[in-house]
Amino acid sequence: MGYTITEKILLSHVPGAKTIAPGDFIKAKVDLCLGNDITSPIAIREFRSLGRKKVFNRKRIALIPDHFLPAKDMKSANQAKMVKEFAEEFGITNYFELGQMGVEHALLPERGLILPGDLIIGADSHTCTHGALGAFATGMGSTDLAFAMAFGECWMKVPETIKLCFTGKPRKWVGGKDLILHAISDLGVSGALYKAIEFTGSTIEMLSMDDRFTMCNMAIEAGAKNGIIIPDKITEKYIKSAIRKYKPSRKGYKMLKSDDDAVYAEVREYNVSKLEPIVATPHLPSNGKPVSELKDIKVNQVVIGSCTNGRISDLCEAASVLRNRSVNPNVRLIVIPATQDIYLEAVKEGYAETFIRAGGVFCTPSCGPCLGGHMGILSEGETAVATTNRNFVGRMGHPKSFVYLANPAVAAASAIKGTIAHPADL
Amino acid sequence: MKLKGKVHKFGDNVNTDEIIPARYLNVSDPEELAKHCMEDANRSFVNQVEPGDVIVAGENFGCGSSREHAPIAIKAVGVSCVIAGSFARIFYRNAINIGLPIFTSPEAVKVLKKGDKVEVSVGRGEISKSDRKTVYKAENFPKFIKDIIRAGGLMAYAKGRK
């Protein structure tokens, strides 16, 4: 019987193992473990409790203070300082101070630190983003990170895989965000609980890396352990470019794929040729509705950014909608490129100017408002349209505020109209 | 070991943003986090909860963010254990890693109501109301996880390892 790509990667990371099966408990070797400024402090405290003099490998840990930096208050500054001091003390190569820092799940692939065939664990639930590169990548907790920093391994249960097969050519304005919101609405927020999601099909094979990252990013919102896409020419082009530019210490990668006779827990098929842009209404990411069904919903704030949709093609799409148009005077438009490279490219391409001339703001890379941290918190009764990944109660601020999740074009159109809008209706 | 307390009941999909909102993630001290436990799910929870009390919830408890601050807050506020129909996977492993007892039992969740007095036998994974009329067996933990739980958490399990 054949293996899925997820099973193959896990098997290759368990020393001495000859076979693997869903349900097995394994101790897997980790290629990279990561944390941010809110999850690392606990990991550091737990790591120190072991009294070890060294981390397992200085080059295989990444610490990215992306949540509350630039330090939003004294307590956040203290946490950031703790992470920086730990990085210095233990010689962590991949520590990203402000200036280099970007949203972790956009930054790490950009820097060539994630490779096909890798096993990645991160103290952040959206670590699953990196499955887009044909790696096994999963979110875990701070104590898991501490254990990995000490021993270079983690415990986990081998998941079954759900195959989601997408066919059909998406219409204009429909992209990775809509495909994943459509899937999550179908599965429900726990429909993929403990499972791997493998995204396949002709639609996926045509998707850009940015769209693939968007899809894998939100696998967790269906409860999945990881999301993954079989690596192909598009993946390899991206990897080679990142390696060439940033020369990471690890350059070897494995282009794996699922066997034809691999066993799946479930297969679902979606023909997306008639799909409209999807918007997830409060307060669950699974409340997806076609944008045309949402009329007259007044919007106070629009956020374009995050590890879901803060990449250059997202900004390009938003800028194409906003060019020579104005943001509604009742709306605050906040655009946050996910990394410094993306920031500079957005400036070079004129997108930054487009956002500002339209009446929006263009900010330094940060997770910021996505989790209700800073740079755009909602007040009581306010409504936001965001290209982010969660819309639970209080996610972006006041418990009595409302977040609608959408793709960058719908977000931009909504900023212009002042109500939730399809870009084609402008 | 037996845990005893009264039930605080919650529904499905209680997420970690509700358990400990991001505005409190600029600290990691358990006592600080405890003050805001379940704040966006039930603002009065911290005033109602007493040491030993039990959280009983529906499906997919602890979904959303990986923040370990969530089980830390629950443990620090004095909750003795969480019984749920099912747990989100990152919350599940975080709870085990920090030594917060969790039990999966859809049958118990159906029956237990707010204010009920409940007893949980940790070793046997058995849940009952204090009248002990019916005993519900929680889902068994695999051996590896039992080892971590017995040690008191992942770091305790790891101590002494080279």
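Reader: Which elements of chain B cover the buried residues of α4(B)?

Author: In this predicted model, the residues of α4(B) that count as buried are H69(B), A70(B), P71(B), I72(B), A73(B), I74(B) and K75(B). What covers these residues includes elements of chain B, namely α1 (16–19), α2 (30–34), β2 (54–57), β3 (81–84) and α5 (89–98).

Reader: Is helix α4 (residues 69–76) of chain B largely enclosed or largely open?

Author: Seven of the eight residues of this helix are buried, so the rest of the structure surrounds the helix for the most part. After α4(B) comes G78(B), whose phi is positive, near 110°. For the helix itself, the burial of seven of its eight residues means that α4(B) is largely enclosed.

Reader: Which element gives the most to the side of chain A that touches chain B?

Author: The contact takes 44 residues from chain A and 35 residues from chain B. On the side of chain A, the elements that give two or more residues are α2 (40–49), α3 (74–89) and α5 (142–151). By class, that side has 21 nonpolar, 14 polar and nine charged residues. With seven residues, the element that gives the most is α5(A).

Reader: At what angle do the axes of α2(A) and α3(A) cross?

Author: Two packed helices are described by the angle between their axes and the distance between the axes. Here α2(A) passes α3(A) in a left-handed crossing, and the axes come within 9 Å and cross at roughly 50°. That angle makes α2(A) oblique to α3(A), and the value asked for is roughly 50°.

Reader: Which residues of α3(A) does α2(A) meet, and how many charged residues has the contact?

Author: From α2(A), the residues that take part are S40(A), P41(A) and I44(A), and they meet Q79(A), M82(A), V83(A) and F86(A) in α3(A). Divided by class, this contact has five nonpolar and two polar residues, and the number of charged residues is none.

Reader: Which residue in β7(A) is the bridge partner of I26(A)?

Author: Strand β1 (residues 25–29) of chain A pairs with β7(A) in the antiparallel sense over five bridges. Four of the five residues of β7(A) (residues 153–157) are buried, so this strand is largely enclosed by the rest of the structure. Within β7(A), the partner of I26(A) is M156(A).

Reader: Is M101(A) buried or exposed?

Author: M101(A) is found in the loop between β4 (94–95) and α4 (104–110) of chain A, and, leaving aside its neighbours within four places in sequence, it is in contact with I64(A), P65(A), D66(A), L69(A), F96(A) and P365(A). The C-alpha atom of M101(A) is separated by 8.2 Å from that of S366(A), 265 residues apart along the chain. With 20 or more other C-beta atoms within 10 Å as the cut-off, and with 24 found around M101(A), the residue is buried.

Reader: How are the axes of α6(A) and α8(A) oriented to each other?

Author: The axes of helix α6 (residues 176–187) and helix α8 (residues 209–217) of chain A come within 8 Å and cross at roughly 25°, and the crossing is right-handed. Angles under 35 degrees count as roughly parallel, and the two helices are therefore roughly parallel.

Reader: Which residue in β18(A) is the bridge partner of A386(A)?

Author: Strand β17 (residues 383–386) of chain A points T383(A) and V385(A) one way and A384(A) and A386(A) the other way, and all are buried. Three bridges join β14 (residues 301–304) of chain A to β17(A) in parallel, while four bridges join β17(A) to β18 (residues 402–405) of chain A, also in parallel. In β18(A), the partner of A386(A) is L405(A).

Note on methods:
Residues numbered from 1 in each chain as written. Chains lettered and ligands numbered in written order. Predicted model: local features only at pLDDT ≥ 70, side-chain atom pairs only at ≥ 80, totals over all residues. Buried ≥ 20, exposed ≤ 12 C-beta atoms within 10 Å, placed from the backbone. Contact = placed C-beta atoms within 7 Å. Nonpolar A, V, L, I, M, F, W, Y, C, P; charged D, E, K, R; others polar. Pairing = 2+ DSSP bridges. Axes fitted to C-alpha atoms, helices over the stretch in contact; angles between N-to-C directions. Parallel < 35°, antiparallel > 145°, perpendicular 65-115°, else oblique. Left-handed = near helix turned anticlockwise from the far one by under 90°.
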